[in-house]
Amino acid sequence: MGANMVVVGVLALQGGFSEHLNSLRKAAARISTQSSSIPGFSFIEVRTPEQLARCDALVIPGGESTTLSLVAAQSGLLDPLRQFVKVSKRPTWGTCAGLIFLSEQASATKRGGQELIGGLDVKVHRNHFGRQIESFVTNMELPFLSRKGDGVEATTFPAVFIRAPVVDHVLTDDLRPTGEKLDSTVPVTTVQTSGNQTNSSKGRVEILATLPGRHASNKKAEATAVMGANDQAVSLKGAGDIVALRQGNVFGTSFHPELTDDIRIHVWWLEQVIATCKQKERVELGKQIDN
């Protein structure tokens, strides 16, 4: 963040980047009315390593994840993206294909697999709900949109699922289930793993939203309950498919908020970006004072 300006990039290699840019601009306009101390935003399309280097935060939009990975490799962006997400740990949000790209592992990949950036300690299942014609919109409860932890229940969000992935497995025991208070921001198929695993101290995986009634473990949970096992033992697996989560600086959604008129998630994420940038400034100022 320079000169009180936060630069937010949207990876513009393929997919719905223009819709994200429009939603981000609307979200920034809403935030700017809340306080005069809010920094300004600059939103840019990212197609090169040089453009990525200018960014304080990044959105990776939906599209076709294999194509996204291929074009990123051809553009020389794979390693800079891994550096941005996993080493510099800058705020990054992936939607649909972007969630796949930010996962450490992906199942049901095309023959030959695909390169992943990583950053989220999860394995995702591509095209979990089927083909394009099986896309759907559903109103979801998203507790993390309750503003500032004031306990006011947020209205449902119109979630658009288009050939969407879901989280199959969380690859760490450091897990916060849906409904618990969020951390403050400091922020048998072929399996493809991200090419760079050098990511320490990622933080816990926070499950932010599940889609009820479709989770692969539901039948197992029901069978266990019938057998008289402790219900709590299976409840941590969730009552539905994991479709929104955060781990440290990385946020992911299976669905497409940018395809709706509801900008609350974009507002929420930009608020996280602001908090992270301000904290980074305080840390850097502290280092200068110590020196």
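Predicted model: local features only at pLDDT ≥ 70, side-chain atom pairs only at ≥ 80, totals over all residues.
Let's begin inside. The largest nonpolar core holds 43 residues, and those with the most contacts within it are Val 8, Leu 142, Phe 161, Phe 255, Ile 265, Trp 269 and Leu 270. Helix 8, which spans residues 264-290, gives the most to this core, with 8 residues. There is also a second, separate core of 32 residues, and Cys 55, Ile 60, Leu 116 and Val 250 are among its members.

Setting aside neighbours within four places in sequence, Val 8 is in contact with Leu 24, Phe 41, Ser 42, Phe 43, Ile 44, Cys 55, Ala 57, Trp 269 and Leu 270. Two of the names in that list, Trp 269 and Leu 270, belong to the residues with the most contacts inside the largest core. Cys 55, also in contact with Val 8, is part of the second core.

Now turn to helix 3, residues 65-74. Which of its residues are buried? They include Ser 65, Thr 66, Leu 68, Ser 69 and Ala 72. These residues cover an arc of only 165 degrees around the axis, so they sit on the same side of helix 3.

What do the buried residues of helix 3 pack against? Their partners are strand 1 (5-11), strand 3 (57-60), helix 4 (78-87) and helix 5 (97-101). Just after the helix, Gly 76 takes a positive phi of about 70 degrees.

That angle leads to our last stop. Most residues other than glycine have a negative phi. Cys 96 is not a glycine, yet has a positive phi of about 55 degrees. Cys 96 lies in the loop between strand 4 (92-95) and helix 5, and is buried at 3% relative accessible area. Arg 163, another non-glycine, has a positive phi of about 45 degrees. Arg 163 is found in the loop between strand 8 (157-161) and strand 9 (166-170), and counts as partly exposed at 32% relative accessibility.

Technical notes:
Residues numbered from 1 in each chain as written. Heavy atoms only, no water. Core = buried A, V, L, I, M, F, W, Y, C linked by side-chain atoms within 4.5 Å. Buried < 20%, exposed > 50% of the residue type's maximum accessible area, 1.4 Å probe, protein only. Helix = DSSP H or I, 4+ residues; strand = E, 2+ residues; numbered from the N terminus. Contact = heavy atoms within 4.5 Å. Arc of directions from axis to C-beta.
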